[in-house]
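Subject: Structure for your files

Hello,

Here is the structure I said I would pass on. My notes on it follow below.

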Amino acid sequence: MGVEVSRLSNGLTVATETLPSIESVALGAWVKSGARNERDDEHGMAHLLEHMAFKGTGKRTAFQIASDIEDVGGEINAATSVETTSFYARVLTDDVPLAVDILADILQDSTFDPNELAREQHVILQEIGAAHDTPDDIVFDRFTETAYRHQTLGRSILGTPETVQSFTSKQLHDFMERQYGADRMVLVAAGDIKHDDFVRQVEDKLGGFRPHAESVTPQYAQYVGGDFREDRDLMDAQIVLGFEGRAYHVRDFYASQVLSMILGGGMSSRLFQEVREKRGLCYSVYAFHWGFSDTGIFGVHAATGQSNIGELVPVIANELQKAGEAIFQEELDRARAQYRAGLIMSAESPASRASQIARQLLLFGRPIPKEELMERLSALTIGRLTDLSARLFTTKPTLTAVGPVGTLAPYESILDVMPNAMAARRFAV
């Protein structure tokens, strides 16, 4: 049947996808507001708001929210990203009206009780501390901070102890009213669901939701790159090397995704084979590409022991250089197969499908059929990927390292081993 989309009179987008052989429904509300939408004095508020969503409404206590959904065997949760916040549930088909009611209750009538707020602030302080004590977490926080220095896009989603402890219930209410509007929100359900029934249920509970959010568009992101190192007395070092990537809407976005698979998307990838299997320079290595609404970042993460850290980065740089010179057909075919398999496998999960549809609606204003995605992948050529590689890895590098990093070469020396070193130096000034 495919994805069906309706829009309520207040502008709220409602979408469903019926999945055969599924006897449950994954549903949720996705809001085009995340950590990036915070003001300087609101750092961490989007994440705190997500935590506080389940801490009580005008008609349900925190316990009642949990017990109402769990009494029917369902589950409910929320998540905050850089550009979105989501509140979602998984229930049996007959219990969809209950899940819609709870989600609507959270979005429209959360009380942000001061006592609950104080407890949740303490929980997040522990979360911040745990992240700082986890090198393979903190290295990515430092990575984005360095790549997008002094910008909301580069800040940790969790916030800081100082900002998190400063927030009041009124500030949370003000933030939600300013950021959450029907024009910036989608309600999506996937599984054993009938579109017309779901639309009626959402209309009944959220048809009166405020039509417009007052939030202004976040400042355009500017990739800057640079170097960050934190020397810690640890057994291993966490290293991330990155470059400016591509935004969701840019032509090379899917090419960048496929390139990340060729370089470090599995055990047969170039980096895994050369760096780990042949040379034994690390116990973990992979490549990634993150797209945002106006920018992106391409990176390689590796975890290694102190004795190998000096050799590791030049070897990775050499593999990036090779990608700009030659990519083989079997590599492209393998990466396409991985991408295709990922799409098909995720389509078998109601939660994954609901999330995919929501992201597409928020980013592109429409659901993108699987066939269209496959056409874009089929259009990729070896020449296009090598050309992308030759351009991608000449942007100013972002290098972050946490652990025993004393033997890691200086940033200026690392620039000399980057692909097209002269171009990399030119961007670095």
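**The open sheet and what packs on it**

Six strands form an open sheet in the order E1-E2-E6-E3-E5-E4, with mixed pairing; strands count as paired if DSSP finds at least two bridges between them. Strand E1 (3–7) and strand E4 (75–80) are at the edges with a single partner strand each, so one side of each has no neighbour in the sheet. On average, neighbouring strands are turned by 15 degrees against each other, direction ignored. Strand E3 (residues 24–31) pairs with strand E5 (residues 85–92) in the antiparallel sense over 8 bridges, and Leu27 stands opposite Ala89 in E5.

Helix H3 (residues 96–109) packs on this sheet and touches E3, E4, E5 and strand E6 (185–191), contact being heavy atoms within 4.5 Å. The direction of H3 makes about 160 degrees with that of E5; axes are lines fitted to C-alpha atoms, for helices over the stretch in contact, and angles run from 0 to 180 degrees between N-to-C directions. Helix H8 (residues 195–206) also packs on the sheet, touching E1, strand E2 (13–18), E3 and E6, at about 150 degrees to the direction of E2.

The model is predicted: local features need pLDDT of at least 70 and side-chain atom pairs pLDDT 80 or more, while totals for chains, interfaces and linings use all residues. Residues are numbered from 1 along each chain as its sequence is written, and side-chain values use heavy atoms, without hydrogens and water. Helices (H or I, at least four residues) and strands (E, at least two) are DSSP runs, numbered from the N terminus.

**Helix H12**

Helix H12 (residues 329–347) has 19 residues and reaches 27 Å between its end C-alpha atoms, close to the 27 Å expected at 1.5 Å a residue, where the expected span is 1.5 Å times one less than the number of residues. Its buried residues (under 20% relative accessible area, 1.4 Å probe, protein chains only) are Glu331, Leu332, Ala335, Arg336, Tyr339, Leu343 and Ser346. Seen down the axis of H12, they fall within an arc of 135 degrees, so they line one face of the helix; the arc is taken from the directions from the helix axis to the C-beta atoms. Their cover includes helix H13 (350–364) and helix H14 (370–378).

**Gln238**

Gln238 lies in strand E8 (residues 236–244) and is buried, at a relative accessible area of 5%. Its side chain makes a polar contact with that of His301 (2.7 Å). Here a polar contact is a pair of N or O atoms within 3.5 Å, one able to donate a hydrogen and the other to accept it; residues adjacent in sequence count only if both atoms are side-chain atoms.

Regards

Methods: Buried < 20%, exposed > 50% of the residue type's maximum accessible area, 1.4 Å probe, protein only.
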